[in-house]
Amino acid sequence: MTHREHLGFGIDIGGSGIKGAVVDLDRGEFVGDRFKIATPQPSTPDSVAQVTRQIVEHFDFDGPVGITLPSIVHGQRAHLAANIDASWVGTDLQELFHRHLGKDREISVLNDADAAGLAEVAFGVPEARTGAVIFLTLGTGIGSAFLTEGKLFPNTELGHLIIDGKHAEHIASSAVKDRKELSFKKWAKRVDKVLSEYARLFSPDLFVIGGGISRKADKWMPHLTIEVPVVPAKLRNTAGIVGAAMAVDKHLAP
C-alpha cells in the first residue's frame, strides 16, 4: 500500500507486543486490520527496530511513520525504559529508526500514553477537548497524559508517583488487579486512592481512563467515590497507533 492523502501509519511498541496499522486520519480508524508481532526478548533498540521494519513492510507502506514508546521522549532521545530493555536510555531515536526504516522517511517518536491522549482528544470523548484533563491508561502500568484545552503537556509519568511508599502503578494498574485476583470493587478502591492523590496535586476537571479495562467501566467506575468526574475512553486499544499516526502527520517530535 502506498501513502495517500489522509492516510497515516502508526506503530505502538509495548513490553509484550509491537502493533501497527494504516490509519484514516480523517476518522481516526484503522484501514484494514492491525498487525502484531511479539516484542523480542531482550527488547533492545535494534531488535525492536527490526520488528518495526517488518510491520511497515507487511503493509508495504512508504509514507511517514509515527512510533510510540513506553519511555520519556525528549529531544527525540529515550530517557526512561518502562517494560523495555534498559539499553534504550539515551538512544537517539531518529538515528535508530531511520537506519531501519529508511533515512528519507519522516519519523516521529513519542511517549505511548501521550499518543493515546492525543488520539482521544481528536476522536474520542468530547469532554477531553476542554479544560484540564488527565488521561490515564490502566494496563501493565499506569500511563498518563496531561491535556489543557486539548493541548498536550508531554512526558508526564504519574504511574511512578509515590503514594504511601509505593509507585502508583504498583497500587492500581489492571495488572495488579489480575495478579492479586482482586474483585472490581476492591480494585476500584485502589484506583480511587490513586485518583484522589492525583486530584489533590493537579486539580483536573476530568479523568479519562483508557486501556483494556475501560471496556468494563460499568463494573468498577460506579464504586469510585472521588468528586472529580471520571469517564471511560472511547478509543481504548486503538488509541496508541492512531495517536502515533497523528503525531507524524502533524510533524510532532517531542
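This is a predicted model: local features need pLDDT of at least 70, side-chain atom pairs count only at pLDDT 80 or more; totals for chains, interfaces and linings use all residues.
I started at Glu197: leaving aside neighbours within four places in sequence, Glu197 is in contact with Leu161 and Ile163 (contact means heavy atoms within 4.5 Å). Glu197 lies in helix H6; helices are DSSP runs of H or I with at least four residues, strands are runs of E with at least two, and both are numbered from the N terminus. I also looked up Ile226, which is 29 residues from Glu197 along the chain, with 10.0 Å between the C-alpha atoms.

Residues are numbered from 1 along each chain as its sequence is written, and side-chain values use heavy atoms, with hydrogens and water left out.

**Core**

Next I looked up the largest nonpolar core, which has 28 residues. Such a core is a set of buried Ala, Val, Leu, Ile, Met, Phe, Trp, Tyr and Cys residues joined through side-chain atoms within 4.5 Å; buried means under 20% relative accessible area, exposed over 50% and partly exposed in between, with a 1.4 Å probe and protein chains only. Leu136, Leu195, Tyr198, Phe207, Ile209, Trp220 and Leu224 have the most contacts inside this core. I listed the elements that give two or more residues to it: strands S9 (132-138), S10 (142-148) and S14 (206-210), plus helices H4 (169-172), H6 (184-202) and H7 (217-220). H6 gives the most, with seven residues.

Not counting residues up to four places away in sequence, Ile209 touches Leu136, Leu138, Leu195, Ser214, Trp220, Met221, Val230, Val231, Pro232 and Ala233.

**Helix pairs**

Two packed helices are described by the angle between their axes and the distance between the axes. The axes here are lines fitted to C-alpha atoms, for helices over the stretch in contact, and angles run from 0 to 180 degrees between N-to-C directions.

I took H3 (residues 112-123) and H8 (residues 239-249) to begin with: their axes come within 7 Å and cross at roughly 85 degrees. H3 and H8 are therefore roughly perpendicular to each other (angles under 35 degrees count as roughly parallel, over 145 as roughly antiparallel, 65 to 115 as roughly perpendicular and the rest as oblique). On the H3 side I found Ala115, Ala116, Leu118, Ala119, Ala122 and Phe123, which meet Ala239, Gly240, Val242, Gly243, Ala244 and Met246 in H8. By class, this contact of H3 with H8 has 10 nonpolar, two polar and no charged residues. For the classes, Ala, Val, Leu, Ile, Met, Phe, Trp, Tyr, Cys and Pro count as nonpolar, Asp, Glu, Lys and Arg as charged, and the others, Gly among them, as polar.

I zoomed in on Gly243 of helix H8. Gly243 counts as buried at 0% relative accessibility. Apart from residues up to four places away in sequence, Gly243 touches Ala115 and Ala119.

Then H1 (residues 45-59) and H2 (residues 93-101): I have them packing at an angle of about 45 degrees, with their axes 9 Å apart. That angle makes H1 oblique to H2. From H1, the contact takes Pro45, Asp46, Ala49, Gln50, Thr52, Arg53 and Val56; from H2, Leu96, Phe97, Arg99, His100 and Leu101. I sorted the residues of this H1 and H2 contact into six nonpolar, three polar and three charged.

Pro42 is in the loop between strand S4 (35-38) and H1.

Asn155 has phi near 65 degrees, a positive value in a residue other than glycine. I placed Asn155 in the loop between strand S11 (151-153) and strand S12 (162-163), and at 16% relative accessibility it counts as buried.

I found Asp164 in the loop between S12 and strand S13 (166-167), and at 61% relative accessibility Asp164 counts as exposed.

Last entry: Gly14, in the loop between strand S1 (7-13) and strand S2 (17-24). Gly14 is buried, with a relative accessible area of 19%.
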